[in-house]
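This report goes through a few parts of the structure shown below.

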Amino acid sequence: MIRIAVISGKGGTGKTMITAALARLLPGSLVFADCDVDAANLELLLSPKLIRTEPFIGIKTAVIDPAWCNLCGECMEHCRFHAIERDGDRYQVNPLHCEGCAVCVHVCPIAITMQPRQTGEVMYSDTERGHLVHARLIPGAGNSGLLVHAVKKTAMEQDGNCDLFLIDGPPGTGCPLISTISGVDIVLVVTEPSVSGLHDLKRVVAVCRQFRPRVLVAINRFDLEPSLTEAIQFWCNEENIPIIGKIPFDPAVIESVRNGVPVTCAHASPAAQAIQILESNLEQELRFYRDQRK
Amino acid sequence: MKLAIASGKGGTGKSMVAANLAFTLSRTRQVTLVDCDVEEPNLYLFFPTPAIVTEVTVPVPVVDENTCQHCGLCGEFCQYGAMTVLPDRVLFFPELCHSCGGCMLVCPNNAIHEEQKRIGTVVISRPLPNLKLISGMLDTGNPHAVPVIQAAKKEAAEDPLVIYDSAPGTSCPVVETMDGCDGCILVTESTPFGLHDLRLAVDVAGRLNIPAGVLINRSDGKDQETLGFCKDLGLEILMTIPFNREIAAIQSRGNLLCQVQPTWQNAFTGLFTKCRDLCKGD
């Protein structure tokens with residue numbers, strides 16, 4: 001199995017649109033994961049049929065039993081996450097801030113316990129091209145990195161024998177992104193020709209280089225700002241990063257998102273044609289990767 | 001007044017709104033702009049000016065191997081698996097550590113003390129006479145965004161008017177940014193992705209009890225579904241910015257719409273008036 005993650009650094013560059021198109025185009029047996037667990041959108045383009053849902057229990061959260069609390073305030077003093085608040089004559093834990101370290105339980109084992117708390121759910125679904133593992137994080141909940149791990153683990157356990165594991169990643173460079181790219185063979189970074197796009201591309205590539213995947217780049221809406229497309233190409237060239245696709249700005253993309261299908265499934269628009277070229281370049285990369293592995 | 005700019009979905013134009021709002025307001029008053037998207041901070045690209053950089057550090061444990069009895073209590077206590085105690089030494093994984101101080105607390109031999117470890121920077125500049133820009137920047141490869149956001153917000157704690165530009169998503173970095181704000185602008189786009197993630201962002205704002213209004217960016221006129229959603233929930237549409245290649249190009253080149261096309265300043269002043277009413281709860 002080869003594991004590919006589509007990421008971007010900057011949000012809104014077109015990760016999900018490209019992942020969904022690749023889901024339809026790539027040959028062989030596939031399993032998909034939507035690791036943008038904060039705001040998962042891949043399901044909006046792959047029309048999944050839900051097979052089952054499992055609760056996601058993240059790290060435990062502290063709970064204070066007011067019956068045993070003598071209001072000494074030790075817990076609040078020791079909590080470094082400011083998760084314990086005094087509300088009149090009682091102390092309580094704000095679950096949005098509790099990181100589950102259990103220091104409060106150590107200082108007050110009588111009134112405080114750590115209790116499991118559901119912070120999301122993992123969904124296992126069927127699509128025309130293979131199984132999709134996706135998730136829903138309760139808005140405002142933490143542990144999104146752990147939920148990403150749970151999503152990847154489910155995909156590997158259920159469909160580990162597939163040829164390809166295709167992941168739609170989160171934006172950013174922090175905890176969920178690092179959790180997404182760990183153990184992945186290839187990352188495809190989708191960028192756009194803007195000062196922010198290039199800046200964020202450089203940062204996310206710096207993170208990828210601390211792991212071992214092969215890095216590829218695609219430039220979305222490349223015709224909107226030619227000078228920055230050139231700057232991206234120049235930088236990728238210097239860094240020895242292949243650019244495997246350049247997709248033009250095309251209203252057909254928004255149109256197909258509104259229709260809930262990958263753009264390559266609609267009529268032969270300029271964006272769809274460009275993604276087909278991207279896909280064949282990616283196939284070539286995969287062949288190269290398989291040969292190297294042998 | 002403290003105002004957050006958030007979105008759920010990435011790339012809807014949070015930073016564009018934050019930068020132009022701050023630029024416009026700075027013509028008539030003191031304003032502080034805080035970049036809380038510490039994983040991918042972009043605001044400073046729109047305001048290139050010399051800046052003062054300070055390091056953000058967090059305490060991490062250091063084990064004194066001479067005093068340590070390798071009893072294993074710290075490893076058992078650590079909820080994050082950051083400490084593994086072997087018979088003859090302790091392995092510490094700093095990227096898993098949340099700096100809770102628990103290991104130091106449970107060690108019966110006082111063999112653990114803390115030292116500061118750098119995880120990012122806070123960069124402060126004054127690009128315009130009335131504008132203070134504070135950017136939180138997480139070091140690449142470091143997973144812990146929240147302490148950097150806290151450090152950046154702290155620098156603005158005493159300032160009268162603060163605009164916080166949030167990371168996308170709905171998890172800890174967004175909660176940390178929105179926490180303590182008087183109101184928030186949720187920036188969306190009229191696509192099913194935009195609407196799906198707007199729902200989530202509205203949910204976060206509600207859980208934090210922060211009044212929210214919506215800004216539709218890159219509108220192609222097909223906003224009915226978003227408008228319907230906002231109407232049902234009683235969310236005010238604070239502003240609509242049309243899709244237009246010229247606006248996109250100004251933004252792509254790292255320029256400010258309100259500087260290149262000053263007529264936009266009126267619209268952003270109007271946005272601020274609506275936000276002020278929102279924060280007051282009118």
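## A helix and its neighbours

In this predicted model, the buried residues of H9(A) pack against helix H1 (15–25) and helix H10 (270–293) of chain A, and also against helix H7 (192–207) of chain B. Helix H9 of chain A covers residues 251–259, and its buried residues are Val253(A), Ile254(A), Ser256(A) and Val257(A). Viewed down the axis of H9(A), the buried residues fall within an arc of 165°, so they line one face of the helix.

Gly260(A) follows H9(A) and has a positive phi, near 75°.

## A hairpin in chain A

Strand S5 (residues 84–87) of chain A and S6(A) run antiparallel and are joined by 4 bridges. Glu85(A) stands opposite Gln92(A) in S6(A). The hairpin has 2 residues between the strands, and Gly88(A) takes a positive phi near 65° in it.

The side chains of strand S6 (residues 90–93) of chain A alternate.

## The contact between the chains

The contact involves 49 residues from chain A and 45 residues from chain B. On the side of chain B that touches chain A, helix H4 (102–106), helix H6 (172–178), H7 and helix H9 (245–252) of chain B each supply at least two residues. H7(B) gives the largest share of that side, 8 residues. By class, the side of chain B that touches chain A is made up of 21 polar, 17 nonpolar and 7 charged residues.

Note on methods:
Residues numbered from 1 in each chain as written. Chains lettered and ligands numbered in written order. Predicted model: local features only at pLDDT ≥ 70, side-chain atom pairs only at ≥ 80, totals over all residues. Buried ≥ 20, exposed ≤ 12 C-beta atoms within 10 Å, placed from the backbone. Arc of directions from axis to C-beta. Contact = placed C-beta atoms within 7 Å. Pairing = 2+ DSSP bridges. Nonpolar A, V, L, I, M, F, W, Y, C, P; charged D, E, K, R; others polar.
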